[in-house]
Amino acid sequence: MMMKKWMVMAGIACSCAAQAAEKPALPDGAYGFDWYGNTPCRKMDKETLRRFKSCESGGSGFGDGVLPLLTCRHGKNDEWVIYASKAQCRDGRETMEANAP
């Protein structure tokens, strides 16, 4: 019984580690910005994506109706929101700034 529980736990851990190691693919023309900082929209590519410690698909967006493709982090003091196009990124950033305190 104990061996069976251990094998299940090991399988879950391996599955989670594999998912964490995989980074979602970005379409050509993807742009993003760090909404914790004062960064303009920047073009995102595979090399940039590799530098992030973690990425999650989607995100809540900023109320402009366009949801991001990815939300990624380098560290604890940044969070990059990545959109499919420069225009979507710009709209998301403008909405975020308009709603800032």
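View 1. In strand β5, I82 is the bridge partner of G32, strands and helices being DSSP runs numbered from the N terminus, with at least two residues (E) for a strand and at least four (H or I) for a helix. This is a predicted model, in which local features need pLDDT of at least 70, side-chain atom pairs count only at pLDDT 80 or more, and totals for chains, interfaces and linings use all residues. Residues are numbered from 1 along each chain as its sequence is written, and side-chain values use heavy atoms, with hydrogens and water left out. Strand β1 (residues 31–34) and strand β5 (residues 80–83) pair in the antiparallel sense over 4 bridges, where pairing requires that DSSP finds at least two bridges between the strands.

View 2. K86 lies in helix α3 (residues 86–98) and, at 49% relative accessibility, counts as partly exposed, that is, between buried (under 20% relative accessible area) and exposed (over 50%), with a 1.4 Å probe and protein chains only. Leaving aside neighbours within four places in sequence, K86 is in contact with G29 and Y31, contact meaning heavy atoms within 4.5 Å.

**View 3. The disulfide of C41 and C89.** A disulfide joins C41 to C89, with 2.2 Å from S to S, the criterion being a pair of cysteine sulfur atoms within 2.5 Å. C41 lies in the loop between β1 and β2 and C89 in helix α3, so the pair ties together parts that are 48 residues apart in sequence.
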